[in-house]
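The sequence and structure follow.

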Amino acid sequence: MDFVTLNNGIKMPQLGYGVYQIKNSECERCVLDAIEVGYRSIDTAQAYGNEEAVGRALKKSGVPRSELFLTTKVWISNTGYKKAKASIEQSLKKLGTDYIDLLLIHQPFGDYYGTWRAMEEAYKIGYLRAIGVSNFYPDRLIDLCRFVEVTPAVNQVETHVFQQQKKAHEYMLKYEVQHESWGPFAEGRKDFFTNPTLTAIGAKHGKTAAQAALRFLLQSGVVVIPKSTHKERMVQNFDVFDFQLPPEDMAAIATLDEGESLFFSHYDPATVEMITGLKR
């Protein structure tokens with residue numbers, strides 16, 4: 001496993017396991033499988049509805065808590081100082097842990113400044129080892145960085161070979177915010193797993209298209225949290241530390257970037273209405 005060092009000195013595994021859209025009933029088994037494979041970073045969220053399952057799996061795994069890196073996120077309906085503070089306590093309870101390694105603001109909407117104050121407070125007393133954001137485009141990230149006491153440690157945004165977030169990555173580097181990818185496989189869109197460029201580069205190294213794509217992101221300094229409910233795929237996704245992509249392969253994959261979301265834009269009014277209307 002490779003690690004990145006966050007801006008507060010905390011080390012975070014560069015490869016983790018995401019549990020988005022995994023039902024509570026199945027999540028416990030999946031997280032246990034992931035930990036058995038070797039994953040030590042688990043990414044969940046209040047909105048996913050599976051924090052309790054993640055917590056049960058962490059306890060059943062037998063792996064010391066100090067060896068695990070746990071991420072969760074505050075949902076929009078919990079924004080603002082009072083609601084966020086209460087939701088942090090609730091997440092700790094559901095996860096069955098005394099501390100959370102990384103807490104993110106899930107979406108750049110609502111009273112996220114109030115949320116941030118609650119997170120800073122929890123961070124200072126040791127309930128949180130690091131705090132950050134998710135889905136913050138450069139404009140909102142810069143605004144937050146300029147007016148808070150504790151600079152975000154991480155920004156988790158849609159990032160894959162078709163949306164490489166090059167400009168956003170530049171600003172994250174400038175403000176010392178670690179770039180983390182959600183959707184590193186673009187959820188299979190645009191025939192991701194059979195893409196000719198990824199397939200050819202993967203084959204050259206005895207790897208799959210998916211492994212080539214993950215390797216590209218890792219070498220670009222991005223943290224990744226691929227999701228699979230199948231243990232054999234978890235093994236494949238974890239097996240990306242025994243090869244390096246040479247400059248020509250990195251350049252070839254870089255040309256796949258289309259610079260646009262394959263899902264939705266946080267600048268689109270209809271999308272904002274949809275997201276802010278979700279109650280979790």
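This is a predicted model: local features need pLDDT of at least 70, side-chain atom pairs count only at pLDDT 80 or more; totals for chains, interfaces and linings use all residues.

In which loop does Q46 lie? Q46 is placed in the loop that runs between β4 (41–43) and α2.

**Surroundings of Q46**

- Q46 has a relative accessible area of 14%, and it is classed as buried because this value falls under 20%.
- The backbone nitrogen of W75 is reached by the side chain of Q46 at 3.1 Å.
- Leaving aside residues up to four places away in sequence, Q46 touches E51, T72, K73, V74, W75, N78, S87, I88 and S91.

**Salt bridge between E28 and K60**

- The side chains of E28 and K60 form a salt bridge, with an N to O distance of 2.5 Å.
- This pair links distant parts of the chain, 32 residues apart: E28 belongs to helix α1 (residues 24–37) and K60 to helix α2 (residues 51–61).
- E28 is buried, at 14% relative accessible area, whereas K60 is exposed, at 57% relative accessibility.

**Salt bridge between K85 and E121**

- K85 and E121 are joined by a salt bridge whose closest N and O atoms are 3.4 Å apart.
- Distant parts of the chain are again linked, since K85 lies in helix α3 (residues 81–95) and E121 in helix α4 (residues 112–124), 36 residues apart.
- K85 counts as partly exposed at 35% relative accessibility, and E121 counts as partly exposed at 30%.

**Salt bridge between D101 and R129**

- In the salt bridge of D101 with R129, the closest N and O atoms are 2.8 Å apart.
- The two residues are 28 residues apart and link distant parts of the chain: D101 is in the loop between α3 and β6 (102–105), and R129 is in the loop between α4 and β7 (131–134).
- D101 is buried, with a relative accessible area of 0%, while R129 is partly exposed at 31% relative accessibility.

**A linked group of charged residues**

- Salt bridges also connect E26, R29 and D33 in a network.
- Side chains of opposite charge can pair when their charged atoms come close.

Key. Residues are numbered from 1 along each chain as its sequence is written. Side-chain values use heavy atoms; hydrogens and water are left out. A salt bridge is a side-chain nitrogen of Lys or Arg within 4 Å of a carboxyl oxygen of Asp or Glu. Helices (H or I, at least four residues) and strands (E, at least two) are DSSP runs, numbered from the N terminus. Buried means under 20% relative accessible area, exposed over 50%, partly exposed in between (1.4 Å probe, protein chains only). A polar contact is a pair of N or O atoms within 3.5 Å; within protein, one must be able to donate a hydrogen and the other to accept it, and residues adjacent in sequence count only if both atoms are side-chain atoms. Contact means heavy atoms within 4.5 Å.
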